[in-house]
Amino acid sequence: MKISVTVNGTVYERDVEPRTLLAYFLREDCGLTGTHVGCDSSSCGCCVVAMDGNRAVKSCTMFAVQADGHEILTVEGLERGGALHPLQQAFWDQHGLQCGYCTPGMLMTSYVLLGHNPAPTELEIREALSGNLCRCTGYQNIVKAVQQAAEHLSAEPAAVAAAGE
Amino acid sequence: MFPAPFDYQRAHSAQEAIDALAAHGADARVLAGGQSLIPAMRYRLARPPVLVDINPASELVYFREADGSLQIGAGTRDFAVETAPFVAPRYHLIADASVLIADPVVRQMGTVVGSLCHNDPAGDWPAVALAGRASMVLRSSAGTRVVPIDEFIVDSYTTSLRDGEMAVEVRFPIPGARTSGSYQKIERKVGDFATASAAVQVSLDAAGKIAGAGVAIGAVGPSAMRVVEAEKLLDGNAPSKELIADAARAAEKLADPSPDNRGSVEYKKAMAGVLVRRALTNAFVRLGVGGLT
C-alpha cells in the first residue's frame, strides 16, 4: 500500500505492507534509526515519537499505514538550526542518560508533555514518563532535565508555541 | 513479532466501517487505538484477515453529556477522558480509572470503547462500566441496538458483539449530586495488567441511606464481574464500616482468579475484598460520610 508520511518535515512516499509497524517504517524505510525498539510490545517507551505535534505514540504499536497523511517527529527532528533542542541540551547538562537507549523515547514523550503542559510539576513529569523505562539513571536526572527544559522554553515563548503546535 | 498479513481498509465514517464489516463478516476486526489488538496480533494471538481502521472517522470522536448520559464515541481516546475538565469533579469512578489505565503514552492512543470490545479480564473499563451501569451502542447494517454492559460482557475477550456489528459508543448515566464512586487497582508496575481491581459507584438518598450501588471486580475471574450480593447488601442501608466489610466479603467470595506470577488464588481473592472495601470507603468519604476511616 502506498503511503505518504511527513517525518521531521520531509515527505516520505513508500510502498509498505499494511502490517509494517511505524517503528520499522521509520528505521528501515526512512533510514531514521534514532527511534529505538526496546521491548517491541508497547511496554518500554523507547520507540515513542510525536504524531501531529501533540500526541506521543509508541511506534511499535501502530501501523505505518495509520501514519499516512500525518506528521511524525522523531528525535532526529528535534534539533533546531544545527543546535540541540532545549530538551536535548537539558538531558546533556543534567546527565539525563547513561547508555542512551531509552533517550529518544524520553525526549519525545517529554516534548509532547511540554506542549500540553509547559510548566509541569515534578509529579506530573514522573507520571508523564511512567510509560518510558530507563534502566540506568534511576530517573532523577531525567526529571531534572525536563524541569530545566521547561524553564528554558518558558523563557522563550516562540519555542513553546512550536512545541505545542 | 510481526502480525500476520491482513487486508487494511480505512473507514472515514461509521457507515463506511459498518459497510466494510458487513462485507467481511467474521473475518473483519475494527482497529481503533490498537493498543491491545496490535500486541495481540504481534503475538499471533489474533490474526484477523481484515482490519477496518476507524481512526479517520472523526464523527466517532466525541465525549459529551446528552440525553442524561455521558456518551463516549468509539474514536475517543483515554487521554480525552483524563483531561476533560468536567470529569474529575463529577465522575469520580471514571476519573479515578482514567489515570490508572496502562501508561500515559498508551492512553494517548487507546480508546474506551476499544478496551470494552477487547474485554480483557484484567482490563479497567469493563469493571468501571459494570459499576457505572453503562450501555453499549451497537450498530450494523440491520440497525442500532443498545445493550446493557452486563449483556455485552460475555467471557474472557468475548462480548455479545455480532459479526458485522460495531460498537459505536458507550454511555454512562450521568451521576446525581449525591453519587460518588472510586476505582482501586493493584498493579506490579505502571502499565502492567491489574493483579486485582475494584470499581464502585454509590448514591445516597436524602436520609443518607444508600439508594443504588454498583460494585464490580476485575482481573479475578474470566471477565470483570458484578458483585450482585454486595450491591444487595448495600442498597437501602446506611453506610457503615460493618456494611462495607460485608460487601467486601461478598466480593472476596465471588472472586475466582487464576494463579500466576502476580499472585496466588488466595492472595487475589483477598485483594478483591480489600479493594472493594477501599473503593466503597473512598466513595462514601467523598460523599461526606464520616466515621468510616
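This is a predicted model: local features need pLDDT of at least 70, side-chain atom pairs count only at pLDDT 80 or more; totals for chains, interfaces and linings use all residues.

Mentor: Strands of a sheet pair through backbone hydrogen bonds, and the pairing may be parallel or antiparallel. Here strand β6 (residues 135-140) of chain B pairs with β7(B) in the antiparallel sense, over 6 bridges. Within chain B, B:Ser140 stands opposite B:Gly143 in β7(B).

Trainee: What is the order of the strands in the open sheet of chain B?

Mentor: The order in chain B is β4-β5-β10-β6-β7, an open sheet of 5 strands with antiparallel pairing. From one strand to the next, the twist averages 25°.

Trainee: Which strands of chain B stand at the edges?

Mentor: They are β4 (63-66) and β7 (143-148) of chain B. Each has a single partner strand, so one side of each is left without a neighbour in the sheet.

Trainee: Which strands does α1(B) touch where it packs on the sheet?

Mentor: Helix α1(B) touches β6 and β10 (166-173) of chain B, and its direction makes about 130° with that of β10(B).

Trainee: How is chain B divided into domains?

Mentor: The domain assignment gives domain 1 (7-53), domain 2 (58-173) and domain 3 (179-286) of chain B. The C-alpha centres of domain 1 and domain 2 of chain B are 18 Å apart. Their contact takes 15 residues from domain 1 of chain B and 22 residues from domain 2 of chain B. On the side of domain 1 of chain B that touches domain 2, the largest share, 5 residues, comes from helix α1 (residues 14-24) of chain B. By class, that side of domain 1 has 9 nonpolar, 6 polar and no charged residues.

Trainee: At what angle do helices α3 and α5 of chain A pack?

Mentor: Helix α3 (residues 103-116) and helix α5 (residues 140-154) of chain A pack at about 40°, with their axes 11 Å apart. The two helices, α3(A) and α5(A), are therefore oblique to each other. Their crossing is right-handed. Residues A:Met106, A:Ser110 and A:Leu114 in α3(A) meet residues of α5(A), including A:Ile142 and A:Leu153. By class, the contact of α3(A) with α5(A) has 7 nonpolar, 1 polar and no charged residues.

Key: Residues are numbered from 1 along each chain as its sequence is written. Chains are lettered from A and ligands numbered from 1 in the order in which they are written. Domain bounds come from an automatic or database domain assignment. Two residues are in contact if their C-beta atoms, placed from the backbone, lie within 7 Å. Helices (H or I, at least four residues) and strands (E, at least two) are DSSP runs, numbered from the N terminus. Ala, Val, Leu, Ile, Met, Phe, Trp, Tyr, Cys and Pro count as nonpolar, Asp, Glu, Lys and Arg as charged, and the others, Gly among them, as polar. Two strands pair if DSSP finds at least two bridges between them. Axes are lines fitted to C-alpha atoms, for helices over the stretch in contact, and angles run from 0 to 180 degrees between N-to-C directions. Angles under 35 degrees count as roughly parallel, over 145 as roughly antiparallel, 65 to 115 as roughly perpendicular and the rest as oblique. A crossing is left-handed if the near helix is turned anticlockwise from the far one by less than a right angle, and right-handed if clockwise.
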